[in-house]
Amino acid sequence: MKITFDRTHGLLAAWLLAALSGTVTGHSWPEQTIRLAPNGTMVGKTGTERAHLPTDAGADFKIPPNGGLVQPTDKIVRDSQGKLTDSSYSDKFPMLSVAAGDFVAIKHRENGHVTRADVTDKERPVNRGTIYLYGTTENDLSAVNLMDVHLKWTSDGKGGNGKGKLLATRNYDDGQCYEKVPAVGDPEGISTTRKKAAGVDELLCQSNVQIPEDAPVGKVYSVIWVWDWPLMSAQGAAVPPAIYEKGTEGIVVVAPQLYTGVVDYKIVDPCDDSLGSLKGPTCASGGGGSKVQFAADQPAISRGIATQMAEPFLVKVPQAGFDVPSATADPKNIPLAALIGVTPAEFPLPASILQNMNKGGGAGGNNAAAPAPTPAPGSEDEGDVVVTATSIVPEGMATETVTRGGAAAAANTDAPKRRTNVHGRRQYR
Ligand SMILES: *[C@@H]1O[C@H](CO)[C@@H](O)[C@H](O)[C@H]1NC(C)=O
């Protein structure tokens with residue numbers, strides 16, 4: 001069945017809803033960060049992203065800026081975030097100090113992209129896009145293009161130009177975040193349901209990421225946040241397929257759309273006073289150790305998310321060494337997995353869906369330990385990891401984005417039976 005959707009009307013509706021509810025009309029960007037103790041509790045001061053703006057105007061950065069395809073010269077962050085200078089942070093908007101091996105939460109506002117996506121922005125992936133977190137000690141991003149980094153840097157640090165690595169992949173919808181229930185109501189029912197669970201007016205989304213254990217003391221470690229939020233040809237795709245190209249068959253990317261930002265961390269000695277009472281994992285006294293023992297029974301507003309602390313790659317991508325041709329995800333990690341393949345969804349969402357949203361193993365309950373991570377890349381046991389969007393993207397593309405050993409071989413084996421989107425690739429390779 002072909003679903004037609006009036007984009008202009010949809011965007012207008014989103015704008016109107018946002019305007020009426022008094023929230024910003026922009027998209028999203030990383031805007032706060034805080035350390036997480038090994039039990040998931042947020043500890044210490046809050047830091048901000050690089051060149052935090054006092055108002056929201058201009059804070060989001062979209063690629064490609066004017067639609068069309070991503071170009072090789074599209075910069076990875078906005079101009080004012082390019083160079084790290086003395087004025088990139090201030091007393092009011094500080095850079096966070098962390099120890100190597102610390103977990104941090106990087107927060108963003110969902111801005112309606114989680115709680116109103118099904119009404120106003122239908123043809124988007126059900127995980128509300130994928131956030132890629134890249135890390136580097138090369139802090140000057142002013143000449144760095146999105147394509148130098150995104151889908152190139154790998155988890156082993158050897159991909160692309162080797163100047164950084166892929167640290168984590170996250171579902172933009174973390175399973176618990178929501179904004180204020182707008183004056184015009186809550187057509188999906190998501191905000192209302194989540195508000196009941198978390199008990200606060202609104203809750204920022206978060207991406208938990210571990211600062212590498214080898215991050216050098218005395219240096220600044222930059223984490224680049226890339227939200228892949230493509231417009232798809234239909235509703236119901238689980239995750240974005242990890243390509244820049246538009247597709248030609250199946251549920252495919254119609255318009256690539258990415259938003260980015262960068263958050264810097266001052267890497268201090270694990271026993272440094274600036275860390276407060278909880279020291280870094282390797283500090284002999286006062287350090288929490290590096291073992292995650294997630295305490296789920298604490299308020300959502302002041303803790304991380306269990307599945308994220310257990311598993312760096314909630315969306316499996318070849319760049320993280322997974323033997324997959326494109327992006328895939330286990331539906332149990334996608335909060336609204338019940339909407340995968342559903343078109344059109346009925347509103348408000350039925351209680352069966354709302355009550356059974358996957359919450360990331362963090363909300364309520366008494367599970368003291370974080371859930372067991374899924375098998376490591378390269379291991380034989382891929383267990384319950386299922387392929388979702390992969391079968392419906394032009395996977396000839398996957399061979400271009402794959403750079404590593406086993407994953408590359410797997411993608412190449414698959415390639416002959418797939419069609420290569422020549423149209424897309426000529427324009428910028
Ligand atoms: C978690 O650990 C922190 C730091 O050690 C501690 O202050 C906090 O009370 C703990 N929270 C829970 C719920 O165990």
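A disulfide is taken here as a pair of cysteine sulfur atoms within 2.5 Å, and a search of the whole structure finds two of them. The structure is a predicted model, in which local features need pLDDT of at least 70 and side-chain atom pairs count only at pLDDT 80 or more, while totals for chains, interfaces and linings use all residues. Residues are numbered from 1 along each chain as its sequence is written, and side-chain values use heavy atoms, with hydrogens and water left out.

**View 1. The disulfide of C177 and C205.** The sulfur atoms of C177 and C205 are 2.1 Å apart, and the link is right-handed, with 75° about the S-S bond. This pair connects distant parts of the chain, 28 residues apart, since C177 is in the loop between β7 (165-171) and α4 (190-198), whereas C205 belongs to strand β8 (residues 205-210). Helices (H or I, at least four residues) and strands (E, at least two) are DSSP runs, numbered from the N terminus. C177 and C205 are both buried, where buried means under 20% relative accessible area, exposed over 50%, and partly exposed in between (1.4 Å probe, protein chains only).

**View 2. The disulfide of C271 and C283.** In this second bond, between C271 and C283, the sulfur atoms are 2.1 Å apart. The disulfide is right-handed because the torsion about the S-S bond of C271 and C283 is about 115°. C271 and C283 each lie in the loop between β12 (258-268) and α5 (306-310), so the pair ties together parts that are 12 residues apart in sequence. C271 counts as partly exposed because its relative accessibility is 37%, whereas C283, at 6% relative accessibility, counts as buried. When the bonded cysteines of the protein chain are numbered in sequence order, the pairing reads 1-2, 3-4.

View 3. The residues around the ligand are A37, N39, T41, L278 and Q298, a residue being near a molecule if one of its heavy atoms lies within 4 Å of it. An N or O atom in the side chain of N39 is 2.4 Å from an oxygen atom of the ligand, and a polar side-chain atom of T41 lies 3.2 Å from a nitrogen atom of the ligand. Taken alone, the ligand exposes 360 Å², of which the protein buries 45%; accessible areas come from the Shrake-Rupley method with a 1.4 Å probe.

View 4. Seven of the seven residues of strand β6 (residues 130-136) are buried, so the strand is largely enclosed by the rest of the structure. In a regular strand the side chains alternate between the two faces of the sheet. Both faces of β6 are covered, with T130, Y132, Y134 and T136 buried on one side and I131, L133 and G135 buried on the other. Two strands pair if DSSP finds at least two bridges between them; β6 pairs with strand β9 (residues 220-228) in the antiparallel sense over seven bridges, and V226 in β9 is the bridge partner of Y132. β6 and β7 also run antiparallel, joined by six bridges, and N171 in β7 is the bridge partner of T130.

**View 5. K279 and A99.** K279 lies in the loop between β12 and α5 and counts as buried because its relative accessibility is 15%. Although K279 and A99 are 180 residues apart along the chain, their C-alpha atoms are separated by 7.7 Å.

Conventions
Polar contact = N/O pair within 3.5 Å; in protein donor to acceptor, adjacent residues only side chain to side chain.
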